[in-house]
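Dear colleague,

Please find the structure below, together with its sequence. A summary of what was found follows.

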Amino acid sequence: ESPREFLIQVLERVKAGKRDDSEYPYLMDEGNLEAMFSLLDVVGQGHITAAQYREALKTLGLSTEDVQFEDD
């Protein structure tokens with residue numbers, strides 16, 4: 001009924017889960033991931049390059065230091 005209140009509750013659960021090292025709700029489902037991938041794979045090849053993957057991680061604010069990139 002109230003999207004704002006729902007979002008506040010979910011974010012509070014995420015914050016509490018991270019603080020307690022317990023499970024917390026997933027904010028993205030399979031549909032969200034597919035939509036994000038389609039934004040990267042603009043020609044519909046079914047794959048992206050390591051450079052595209054690296055840039056996507058940076059765009060999302062995620063570190064790429066521990067990720068090993070291969071040519072394929």
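Which element gives the largest share of the lining of the largest pocket? The answer is α2, with five residues. Helices here are DSSP runs (H or I, at least four residues), as strands are (E, at least two), numbered from the N terminus.

Before the details, please note that this is a predicted model, in which local features need pLDDT of at least 70 and side-chain atom pairs count only at pLDDT 80 or more, while totals for chains, interfaces and linings use all residues. Residues are numbered from 1 along each chain as its sequence is written, and side-chain values use heavy atoms, with hydrogens and water left out.

The protein chain has three helices and zero strands, in the order α-α-α along the sequence. Of its 72 residues, 12% count as buried (under 20% relative accessible area; exposed is over 50%, partly exposed in between; 1.4 Å probe, protein chains only).

The largest pocket holds about 430 Å³ of space. A pocket is an open set of points on a 1 Å grid over the protein atoms alone, where a 1.4 Å probe fits, with protein on both sides within 12 Å along at least five of seven lines; lining residues have an atom within 4 Å of a point. The volume is the space filled by probe spheres set on the points, which are joined across faces, edges and corners.

Two or more lining residues come from each of α2 (30–40) and α3 (50–59). Twelve of the lining residues are nonpolar, one is polar and none is charged (nonpolar: Ala, Val, Leu, Ile, Met, Phe, Trp, Tyr, Cys and Pro; charged: Asp, Glu, Lys and Arg; polar: the others, Gly among them).

S38 also lies in helix α2 and is partly exposed, at 43% relative accessible area. S38 and I48 are 9.6 Å apart, C-alpha to C-alpha.

With kind regards
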